[in-house]
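Dear colleague,

Please find below the structure that I am handing over to you.

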Amino acid sequence: MSATSKPSTPLNALIAGQWRDASGPEYFTHYPHDNSKVAHLHAATKEDVDEAVEFAEKARAKPSWAGLKAHERAGILSRIATGIKNRSEELAQLQRLDNGKPINETRALVASAAGTFQYFASACETLEDTITPARGDFITMSMHEPLGVVGAITPWNSPIASEAQKIAPALAAGCAVVVKPAEITPRMAIELAKIAQEAGLPDGILSVLPGKGSVVGDQLIRHPKIKRIAFTGSTGVGLGIAQLAAQKLMPTSLELGGKSPTIVCADADLDHAVAGVLFGIFSSSGESCIAGSRAFVHKSVYHEFKSRLISATQHLRVGDPSLEKTQMGPLITQAHRQTVEQYVELGLREGGQILFGGTRPKGSDFDRGSYFLPTIFEGLSNQTQMCRQEIFGPVLALLPWSDEQDLITQCNDNDYGLASGIWSKDYKTVWRIGRALQTGTVWVNTYKTFSISTPFGGVKMSGTGREKGRMSIHEYMNQKSYYWGLNEEPIPWSK
Ligand code: NAD
């Protein structure tokens, strides 16, 4: 299916329980494969945010939502999971048109979203509050109550999965959610909201307001009735959100950028390591927060690894995201490709040599899309900007290492701390290095694998807070303690 010949689809926002045009200017979204127009919609305004939040606040307090038992909310979440599964191929195709990811990746993201809702349905009805050991004649309890209306702000790179990871635990907690998807990829949040309505979610419990971050996102964060922000995006925007949130002591989860190291040890299974490093950096065209963009390879296997990696990269199938065989699609926009190209020029100025790629692919298939070849650099120092900054594109730096302590210092000598990978057959080596790495996730002899049951998040400038895992429901709840007196006599102090 190509978007080229089709008229663009009109999309609505979901504000105050109504599907309608938002109040701001109309804009188009584009298919990154050929730059054709895919959809048109109106951007939301600050007034739209205010209206959505006020309505959500009333809706969440009504018995139709606040009165539901956990197993009843779980029923809705489970029906959302089924709704996603029932429309999975259609959703995968729509997401491909939205952000240009290869169809096999968007299918995986849709499956992950369905799995997320199913997981939080189970977690919702099995999560328990606790009676804690009391130190007197009273019963002590630790209870949890929904925060209220929360905001979710998501980026363009993995829409349906990012949104599910925020919406599902928030609904499980009993909150209402106002979602602000990335301006250029609004489609999945809109489709999710339709599915949620069909699943019986009351009006106003989920709103979708596409539009500019500086307008919609900013107002959402500032609104006094928004009690939490779950944000995934760049570190720069995340820092601004943290500052605004601090002014009203609002909790946030900030899933931010990364510059993840992958380490190939002397004893690594090179077949696995090459495949893992390749997948870690070039899947999603490197537009992934966890992209393994710095590969530290032990000197004793460096040349062997390098030649195998180059050969594997040459065979990567870059092209039309609608084709089953495609492994790497286009970058999100022409502007983003220019940013990646500027980084490649910087890499050359910083003393790097390009082993593969570094340019746009040639041929008429690539004329209109924002394609860029998978690119491998060597000869860069870990101190260069290329090795310090997140490029968010298919650009890998190969770095040889020999001393383990120095390796760990280099891996950690970076502002980011999202993820890392270790390739080794020796469990003691893996444990030593893994414990020393300052990252939120360590992958061992695998990379970019995920379970919804395992918490995810970063350290340092990669963010704070965690998503995923059943306890993440509590992130959307206030903890409240009860001391329940059992005394037959008044408190003796009054005597
Ligand atoms: P971005 O920060 O530009 O935008 C993310 C979202 O924030 C969008 O919805 C955007 O409209 C909104 N936004 C922008 N300015 C805002 C403001 N002033 N106030 C409120 N909201 C605002 O990021 P992006 O370019 O869409 O996505 C790429 C970035 O996301 C990369 O840095 C990547 O590493 C990061 N990311 C992190 C994770 C993770 O889990 N850690 C996952 C995916 C992407």
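**Helix H14 and its surroundings**

In helix H14 (residues 404–412), the buried residues are Glu404, Leu407, Ile408, Gln410, Cys411 and Asn412. Please keep in mind that this is a predicted model. The packing partners of the buried residues of H14 are strand E13 (261–264), strand E14 (294–298), strand E17 (395–401), helix H15 (427–436) and strand E21 (459–460). Where H14 starts, Asp403 places a side-chain oxygen within 3.3 Å of the backbone nitrogen of Gln405.

**The protein as a whole**

The protein contains 15 helices and 23 strands. Its radius of gyration is 24 Å, which agrees with the value near 23 Å that a compact globule of 495 residues would have. Along the principal axes, the C-alpha atoms fill a box of roughly 80 × 60 × 40 Å. Of the 495 residues, 57% count as buried. Among contacts with a separation of 6 or more, 74% are between residues 24 or more positions apart.

**Aromatic rings**

Ring centres that lie within 6.5 Å of each other count as a pair, and by this rule there are seven aromatic pairs. One of them joins Trp443 and Tyr447, a tilted pair with 4.7 Å from centre to centre and 55° between the planes. Trp443 is buried, at 5% relative accessibility, and Tyr447 is buried too, with a relative accessible area of 4%. Phe450 and Phe456 form a pair whose ring centres are 5.5 Å apart; their planes meet at 85°, so this pair is edge-to-face. Phe450 counts as partly exposed at 45% relative accessibility, whereas Phe456, at 8%, counts as buried. Through ring pairs, Trp443, Tyr447, Phe450 and Phe456 are linked into a cluster.

Lys448 belongs to the loop between strand E20 (441–444) and E21. The residue is not a glycine, yet its phi is positive, at about 60°. Is Lys448 buried or exposed? Lys448 has a relative accessible area of 13% and is therefore buried, the cut-off being under 20%. The charged end of Lys448 sits over the ring of Phe279, at 5.7 Å from the ring centre. In another part of the sequence, the charged end of Lys37 sits over the ring of Phe28, 4.3 Å from its centre.

**Serine 285**

Ser285 is placed in the loop between helix H10 (270–282) and E14. Its phi is near 55°, a positive value in a residue other than glycine. Ser285 is buried, as its relative accessible area is 3%.

**Threonine 232**

Strand E11 (residues 226–232) includes Thr232. This residue counts as buried at 15% relative accessibility. The side chains of Thr232 and Lys166 are joined by a polar contact of 2.5 Å. When neighbours within four places in sequence are left aside, Thr232 is in contact with Ile153, Thr154, Pro155, Lys166, Glu255 and Glu467.

With kind regards

How values were computed:
Residues numbered from 1 in each chain as written. Predicted model: local features only at pLDDT ≥ 70, side-chain atom pairs only at ≥ 80, totals over all residues. Heavy atoms only, no water. Phe/Tyr/Trp six-rings, centres within 6.5 Å; stacked < 30°, edge-to-face > 60°. Buried < 20%, exposed > 50% of the residue type's maximum accessible area, 1.4 Å probe, protein only. Lys NZ or Arg CZ within 6 Å of the ring centre and 35° of its normal. Helix = DSSP H or I, 4+ residues; strand = E, 2+ residues; numbered from the N terminus. Contact = heavy atoms within 4.5 Å. Polar contact = N/O pair within 3.5 Å; in protein donor to acceptor, adjacent residues only side chain to side chain. Rg over C-alpha atoms; globule rule 2.2 N^0.38 Å.
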